[in-house]
Amino acid sequence: MEVNLISDTVTKPSKGMLEAMFSAAVGDDVFKEDPSVNALEEEVASLFGKEVALFFPSGTMTNQTAIKIHTQPGQQLICDQYSHIFHYEGGGVSFNSGVSCRLLEGDRGRISADLIEEAINAPDFYHSPKTALVSLENTTNKGGGAVYDFAEIKKIKALCDQHQLALHLDGARLWNALEVTHESPKDYGAVFDTISLCFSKGLGCPVGSVLVGSKDAIEEALRIRKVFGGGMRQAGYLAAAATYALHHHRADLKEDHKKAKALSDALEASTIVQSVAPVETNIVIFSLKPDQNETEFIHKMREKGILFISLGKGKLRMVTHRDYTDAQHDYVLTTLTQLN
Ligand SMILES: Cc1ncc(COP(=O)(O)O)c(C=O)c1O
């Protein structure tokens, strides 16, 4: 049996999703004439109570576009040290926007208003880069699927307003956070200037992200998306998958969370595991006891057909997803129980 727990991006479209894609009405989206893309954008904008939404090929491009529209070259953004925008977007923050990152030591990828306040450069102190943007990530990827407390987000919003800073959310896995907290997407729409949402993670689409924001922000985003080469033609086939996922896959996320918790419990019980980070959603981060060889362990598990990755610095990661079946789950739990 092969079980892929490397990421929640490894899923293939469900049967219903494929049917929705096959039957999608399409047009040329570069001319804004794709009815399926237009419908998805309208639905997501309205779900988040934002004026407009824009469909993108990737979460990296939505984040990078947001950073570009909120900043000028030479300015600085504030984010957690584990942020995807800093670690895993190829240095796009500096390459695309000429912006530096002020990295904060948050709690599993989450930063607080107090930490942010200390990091804001005084606007009249011209020796330092001007702080322009705060970027949060919810749930956190490298932070192990941690979920923000919305009360803290509201404090961060008040601080951003006070200092005239833009506030962006990398919500690649916001769907997972909402499944846990049962907050409404509109709560999020009300505090963030822009939110990037991915359909290609837990929701199981092959491709697709959406950026929501004000009319002005998204008008600018449309231009930047073009510059980044992200204008797609009959993208409705992909948008139809995202709409299908929105209607049919969201509720399934709680299954992924339940399985992640069970994996965490099995790892906690193992004699070779040193620690498991708290599991709130679908990401499990754990480390082995110092006498264990991490590379050998990954290899041994791979031989048993169980795939996952190392994040470096002794951290191993397993991610549950909708293609991780009950039978696979039983097999992994049994295998973990037999570890020694
Ligand atoms: C938190 C977070 N943001 C953004 C992205 C980027 O998404 P994409 O792979 O679609 O570019 C990812 C991808 O895993 C992610 O985990």
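The legends below describe an overall view and two close-up views of a predicted model.

Residues are numbered from 1 along each chain as its sequence is written, and side-chain values rest on heavy atoms, without hydrogens or water. In this predicted model, local features need pLDDT of at least 70 and side-chain atom pairs count only at pLDDT 80 or more, whereas totals for chains, interfaces and linings use all residues.

**Figure 1. Overall view of the protein chain, with 14 helices and 13 strands.** Helices (H or I, at least four residues) and strands (E, at least two) are DSSP runs, numbered from the N terminus. The C-alpha trace spans about 55 × 55 × 35 Å along its principal axes. Of the 340 residues, 54% count as buried (under 20% relative accessible area, with a 1.4 Å probe and protein chains only).

**Figure 2. Close-up of the packing of helix α8 (residues 174-181) with helix α12 (residues 253-269).** The axes, lines fitted to C-alpha atoms over the stretch in contact, lie 9 Å apart at an angle of about 85 degrees. The two helices are therefore roughly perpendicular (65 to 115 degrees). W175, N176, E179 and V180 of α8 meet L253, K254 and H257 of α12, contact meaning heavy atoms within 4.5 Å.

Notes:
Axes are lines fitted to C-alpha atoms, for helices over the stretch in contact, and angles run from 0 to 180 degrees between N-to-C directions. Angles under 35 degrees count as roughly parallel, over 145 as roughly antiparallel, 65 to 115 as roughly perpendicular and the rest as oblique. Buried means under 20% relative accessible area, exposed over 50%, partly exposed in between (1.4 Å probe, protein chains only).
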